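Q: Could you take me through this model one feature at a time, giving the general idea before the particular case?

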Amino acid sequence: MKKIVTRFAPSPTGYIHIGNVRSAIYPYLLARQNGGIMILRIEDTDRGRYVEGATELIEDTLNWLGLEWDEGPIVGGPSEPYFQSERKEIYHAWAKKLIESGRAYADPTPPEKIDEYRKECNEKKIPFLYRNFRPENPPEWKPGIPLRFKSEPKEYFWTDEVMGEMHAGPEVLDDIILIKKDGYPTYNFAHIVDDAEMGVTHVMRGVEYLSSTPNYLALYEALNLDRPKLVSLPHILAPTGNKKLGKRDGAKSATEYRDDGVLPEAMLNYLACLGWNDGTEQEIYTKDELIKNFSLDRIQNSGARYDETKLLWMNGQWIRRIFDEQGVDALYEKTSGFWPGTAANFDDEYKKKVLSIIYDRLKVLSDLRSMTSYFFEVPRLDLDMLKNNKFLKKLSESELEDLMKKTIAKFSALSEWDADSLQGALNELLEETSKKPAELFSLIRIALSFAPFSPALNLTLEVLGREVSLSRLNSVARAI
RNA sequence: GGUCUCGUAGUAUAACGGUUAGUACAUCGGGUUUUCAUCCCGACAACGCGGGUUCGACUCCCGCCGAGAUCACCA
């Protein structure tokens, strides 16, 4: 059996947003699953839309997600170069084959004239096909003149691995431009040549190319090439409306999610399962599991709506999974850059302790910034927050003061400052004061953190330490 | 307009032609000594419409409706 070769072929026109990332994931999974080759090819033939640095952004995104490529920029490969802009001679050589076989012609018709033809057809309400307007005596092809394919109207049948059996009549076949007047090839021509030269066996791309497929089939035929397997990937839809997700809908780049503290594991998991599933009820997949279970025939053939809420849920699942299965160190490594600024003054051990008691509350790693500040700095004393608390507002000031005093006395008398001893002390306080947990615990919790929420009290106290805890309780007691 | 594709709860999806149409997210309710979250339990909620074929249709066929894609010297 022929070795499977897939490719991801983006255009460096800016960041790749998450809607496009999936077109990198599926080829990757298919290649890895079959011990095949994944190629990264940069389709930069449109010099007008080229954006400086976009290639690096693409590489960055793939690296982050762990989608390593076997051939392409940086790593090289037998079909170098992997930038289309550097492959002009190759396209021209293939173009000459078509000219020689009479399947391509130079087209000197000015664009305005073509517009006129098009308008004419629109007015007559007939389909515009350029092959009906071929120039009479095309000149010899030379730089500065576009080269067109000479199409032959006929019927095509093919199989799309996702969409199934396909068929199209002659009315969609036309004389598409192969080489633009600037000498660069169009996508339509370049990708055919490259895929052939690079031995690509599976062409995976968005469904928007489905309509042009017959023209590609004509090209394969004219160039005497075997057809690769064609795989149309349905669109990812924007959160609202029915349009495909795009930058205009505020589609973020994958790296923006990275900067918010979304784990690559979660991103890969979510995107891979958007429009694909293996038929089981599994939701969380590692990369290896995705590679093992992936199959083309279970790709959905309708568009799937992008749902950030589910992505964030999945990210929370991954955060917990990494902590539970690999331990605090594994998760801690990923949190660099997500801590509050004041955390810089504390050592790793302390931050790991904080992480161990807060991790199950995180949806994204950047939540650390807002959720843990009171572990690194004295919170601003906010008596209103204390007194307006729904449990505490029933208590008088003297009661609050009394409770604070008893709490401080109890904690001061503790010989051991660990979670179990602290829990014991808290339980004793409940009995001695005959208060409800909601009252006593809310008081202590708020006095320590002045945060809307925090981890279990005994754990918070343990991590904060005896000195800090008592000092905070004392200053609140004084303020009441 | 021509051509093509798609159509199960709000969302993502599952279901040899025979199931009370399953699961997850979201939403709502409840439980785990405070809060927020995790975790657990529960509730709500779907086969676009109409014809066939069949003992029986979400599943096969046809029509309709709805949504999308494409008709560039962009990819």
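Q: Which residues come nearest to RNA strand B?
A: Before the case itself, this is a predicted model, in which local features need pLDDT of at least 70 and side-chain atom pairs count only at pLDDT 80 or more, while totals for chains, interfaces and linings use all residues. Residues are numbered from 1 along each chain as its sequence is written, and chains are lettered from A and ligands numbered from 1 in the order in which they are written. A residue counts as near a strand if its C-beta atom, placed from the backbone, lies within 6 Å of it; of the 69 residues around RNA strand B, those that come nearest are Tyr187, Ser302, Arg305, Pro437 and Phe453. Among the elements that give two or more residues to this surface are helix 4 (111-124), helix 5 (187-198), helix 10 (308-326), helix 16 (419-433) and helix 17, where helices are DSSP runs of H or I with at least four residues, numbered from the N terminus.

Q: How many residues of each class does the surface near RNA strand B have?
A: Here Ala, Val, Leu, Ile, Met, Phe, Trp, Tyr, Cys and Pro count as nonpolar, Asp, Glu, Lys and Arg as charged, and the others, Gly among them, as polar. The surface near RNA strand B has 28 nonpolar, 20 polar and 21 charged residues.

Q: At what angle do helix 17 and helix 18 pack?
A: Two packed helices are described by the angle between their axes and the distance between the axes. The axes are lines fitted to C-alpha atoms over the stretch in contact, and angles run from 0 to 180 degrees between N-to-C directions. Helix 17 (residues 437-449) and helix 18 (residues 457-464) pack at about 30°, with their axes 10 Å apart, and are therefore roughly parallel, given that angles under 35 degrees count as roughly parallel, over 145 as roughly antiparallel, 65 to 115 as roughly perpendicular and the rest as oblique. Phe441, Ile444, Arg445, Leu448 and Ser449 of helix 17 make the contact with Leu457, Thr460 and Leu464 of helix 18, two residues being in contact if their C-beta atoms, placed from the backbone, lie within 7 Å.

Q: How do helix 15 and helix 19 cross?
A: The axes of helix 15 (residues 397-412) and helix 19 (residues 466-479) come within 10 Å and cross at roughly 160°, which makes the two helices roughly antiparallel. By class, their contact has 7 nonpolar, 4 polar and 2 charged residues.

Q: Which residues of helix 3 meet helix 5?
A: Ile90, Tyr91 and Trp94 in helix 3 meet Phe189, Ala190, Val193 and Glu197 in helix 5, and these residues divide into 6 nonpolar, no polar and 1 charged. The axes of helix 3 and helix 5 come within 10 Å and cross at roughly 95°, so the pair is roughly perpendicular.

Q: Which residues does a cis peptide bond join, and where is Ile74 found?
A: Most residues other than glycine have a negative phi, and most peptide bonds are trans. In this model a cis peptide bond joins Glu80 and Pro81, with omega about -5°, and Pro81 is found in the loop between helix 2 (54-65) and helix 3 (88-100). Ile74 is found in the loop between helix 2 and helix 3, and has a positive phi of about 75° although it is not a glycine.
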